[in-house]
Amino acid sequence: MAWRLFLSKSLSSKTLASPLLQNPSPNPFFPLFSSHFSTSFLVTKTPKKHQKKREKPESPRTRLVQHLSTRIPQFESLLERDSYFRFLTKSKQFLSQQPERILRLDDAGKLHQELGFPRGRKIHRFLQRHPLIFQTYRHADNKLWVGFTDFMEELLEEEKEIMDSVESDRVNKVRKLLMMSKNKRIPLSKIHHCRLLLGIPDDFRDRVAKYPDYFRIVVESDGKRVLELVNWDPSLAVSQLEKEFMVNEEKAKRVFKFPIKHGKDLDLEVEDTRRLNLLNTLPLVSPYSDGERLELWSLEAEKYRVGILHEFLSLTLEKRASIHHIVEFKEELCLTKHTYDMLKKQPRTFYLAGTEMNWAVFLKDAYDENGSLIDKDSQVVFNEKLYKYAQMKEGELH
């Protein structure tokens, strides 16, 4: 018992000497439960799910071309439609070029770029979107293959008949394109790459041989095959703008605007400003003239580039083109890297949709107020019918 008495006395004396009791805390329990150990291991941050999400900074990849107040929903929706049917369009083209129009499913799953589906996704999901167009079946080798349905095969035959019926029109489109181009020659690969834009058939490179009076194929030293114009046709060297000018002169005058910079001290009336700007706008420079001889940053050169893009869009099936198509012919059409800014300055005629890095340009006068083409090519009518069938389920056809 003596050792217990000694221990209790020593503890009480130490406790009385403790600074904690000499400076008591307002909380009487604090000294008893305080600890000298670190608490830095405890989680004091707000969990991620409760954190406020940071907005990603805008970039040309995500920044929209048009402000909300200037957007035309009909044009923007056409780009969304193209995005939705990208798999259908690209797979249709790729499968059509395969032997017997079939492809092993295992191989198809690796061809995400060629078939137009995102990398890492299962191709089955995209095939199931269009049951009237694509089908899968087990071949004699016990492997799954993908091909077209019988219904789609009939549609492809119908499309071939359309292509045959409009061949002369497509030939003239290519002739006009060559007449606009520098040196009157374009690599065949570029025309083939943009064939859907112009409504040109897949076998156009073979059909060229039927028209020796119009075209010549030249093989360059590096093996590149180039299409050259053989004869210049003055009747084709008339732009769409010139045709409109003859029909409606006032409307053609309002197509473009090249404002003259002047001081405010002139105090011009609205009508006087319009007339002054009109002097700068007319005459237009023909897209079939020699653009190379023009001084690069002169007003005439800008008129020429604006006119050549207007004519180029007039040759397309849907009177619109993406930046990728325009860049494809940048060298041949004598365009500059400032094409985007140039088009933005002509909102009366052109509408730019999409994002600043991936935009498309529309020829506004070619569309009605509902966003539908005023004059539809037979290929456009076929494409719209195909899109309608592509959204239908099995059993909805009849």
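What volume does the second largest pocket have? About 480 Å³, in a predicted model where local features need pLDDT of at least 70, side-chain atom pairs count only at pLDDT 80 or more, and totals for chains, interfaces and linings use all residues. Residues are numbered from 1 along each chain as its sequence is written, and side-chain values use heavy atoms, leaving out hydrogens and water.

**View 1. The second largest pocket and its lining.** Here 23 residues form the lining, with Gln240, Glu244, Ser314, Leu315 and Lys319 nearest the centre. Helices α10 (167-180), α14 (240-247) and α17 (299-315) each give two or more residues. A pocket is an open set of points on a 1 Å grid over the protein atoms alone, where a 1.4 Å probe fits, with protein on both sides within 12 Å along at least five of seven lines; lining residues have an atom within 4 Å of a point. Volume is the space filled by probe spheres set on the points, which are joined across faces, edges and corners.

**View 2. The largest pocket.** This one holds about 1800 Å³ of space. Of its 48 lining residues, Thr89, Lys90, Leu196, Leu197 and His325 are the closest to the centre. Helix α5 gives the most to this lining, with eight residues; helices (H or I, at least four residues) and strands (E, at least two) are DSSP runs, numbered from the N terminus.

**View 3. An open sheet of three strands.** The order is β4-β6-β5, with antiparallel pairing, where a pair needs at least two DSSP bridges. At the edges lie β4 (185-187) and β5 (215-219). Strands β4 and β6 (residues 225-229) share three bridges, and arginine 185 faces glutamate 228 of β6.
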